[in-house]
Amino acid sequence: MTQPILVTGGAGYIGSHTCVALIESGHTPLVLDNLCNSSSESLERVRRISGVRPGFVEGDVRDAALLDRVLAEQRPQAVIHFAGLKAVGESVQQPLEYYDNNVGGTVTLLQAMQRAGLRNLIFSSSATVYGDPASVPIREDFPRSATNPYGRSKLMIEDVLGDLYRADPAWRIARLRYFNPVGAHPSGLIGEDPRGVPNNLLPYITQVAVGRLSRLRIFGGDWPTPDGTGVRDFIHVMDLAEGHVAALRHLLAHEGMFTVNLGTGQGCSVLQMVQAFERCCGRGLPYEIVQRRAGDIAECWADPAQAQRLLNWKAVRDLDTICADAWRWQQANPAGYA
Ligand code: NAD
Ligand code: WQD
């Protein structure tokens, strides 16, 4: 029997797309998720896309006894650890929830892995660990900082992983720093399904286009960028998912710990994204330019050279594909999985 890959948070946005990529590359995902920000319907959709329904354990990564049982019974080859909370604003209101879930959950997972003798881990970090970068594109050796509890939880976990590796170099650890994941699987069967009003740009745009929200508010038209709106590195979620497969391949073949950016290397402004989406859906989007959002930065995009060199991976899907896939998902699922 092939050993599964344990995917914590695998029912969520990036996790469900990664399950598809894992299955397509011959792996067997086993999802552990408490469904606090997702629906198990995503896994049924993964079955419709790939023909394989991932194994599913409903539970919490902070539940040590459950982890011991799952690791002993299923003997996974590696863990891809997506489970965590990710809303920046909420993290400012509820910092303890974020430290408990993200930092505490990771430590509990690492302890259980250590007890089980399993030392292969891929961790979801974020470009948020670069804070407000002094220049772009951003390389992995740039200084790190955090401006909110969510970002600080990612910084702390990166450091926990670094300390663990130094204490026991038998661990193999990948710290993957995602830029701005967007888009959906081209089938339109899985995609991003945020609870409540979206915080992020693209789900907000698609919900305006589908009539769930009345107009987009663009946060700031006076940034020091070519068109005055914020610039980000929007990466198609299937490129990101394939990046995890590449990281897993590298991890299983090489000793050591590595840290890589997963981004496209291209900056795209908020207005450019709006215009690309308008082209894709064939109509104008109502928007207004309002004040800057607290905590935002002007521009952020990756230097993806390290990922290309180490993992032989690069993002290949363009902005039009991102918009077309996001729009297909939103139109087929106007209320998400509900
Ligand atoms: P998501 O909320 O869709 O997925 C996270 C999943 O983890 C959800 O299914 C949720 O139910 C589950 N979960 C949360 N806490 C859990 C716990 N204690 N035990 C078990 N399951 C738990 O988010 P996503 O966008 O897929 O993000 C996945 C990971 O990538 C997160 O760690 C996030 O911080 C990181 N990340 C996301 C982005 C982004 O913009 N989406 C960017 C950088 C990094
Ligand atoms: C992108 C641009 C906004 C919404 C966040 C997290 C980061 C990472 C990815 C997890 C900005 C503008 C947005 C709207 C707008 N997540 N915008 N109107 O802020 O780059 O990154 O998600 O690790 O940590 O902070 O992404 O999609 O929220 O914003 O004008 O309604 O769109 O101001 O310039 P961000 P975003």
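Modeller: The conversation below covers the ligand site and then the sheet. This is a predicted model, in which local features need pLDDT of at least 70 and side-chain atom pairs count only at pLDDT 80 or more, while totals for chains, interfaces and linings use all residues. Residues are numbered from 1 along each chain as its sequence is written, ligands are numbered from 1 in the order in which they are written, and side-chain values use heavy atoms, without hydrogens and water.

Biologist: Which residues come nearest to ligand 2?
Modeller: Of the 18 residues around ligand 2 (a heavy atom within 4 Å), the nearest are S126, Y150, R217, R232 and D296.

Biologist: How far is the polar side-chain atom of S126 from an oxygen atom of ligand 2?
Modeller: The distance is 2.7 Å for S126, a polar contact (a pair of N or O atoms within 3.5 Å). For a polar side-chain atom of N200, the distance to a ligand 2 oxygen is 3.1 Å.

Biologist: Which element gives the most to the shell around ligand 2?
Modeller: Strand 8, with four residues; strands are DSSP E runs of at least two residues, numbered from the N terminus.

Biologist: Changing topic, what is the strand order in the open sheet?
Modeller: The seven strands follow the order 3-2-1-4-5-6-11, with parallel pairing; strands pair if DSSP finds at least two bridges between them. The edge strands are strand 3 (55–58) and strand 11 (256–262).

Biologist: How many bridges join strand 4 to strand 5?
Modeller: Three bridges join these parallel strands, and H81 is opposite F123 in strand 5.

Key. Polar contact = N/O pair within 3.5 Å; in protein donor to acceptor, adjacent residues only side chain to side chain.
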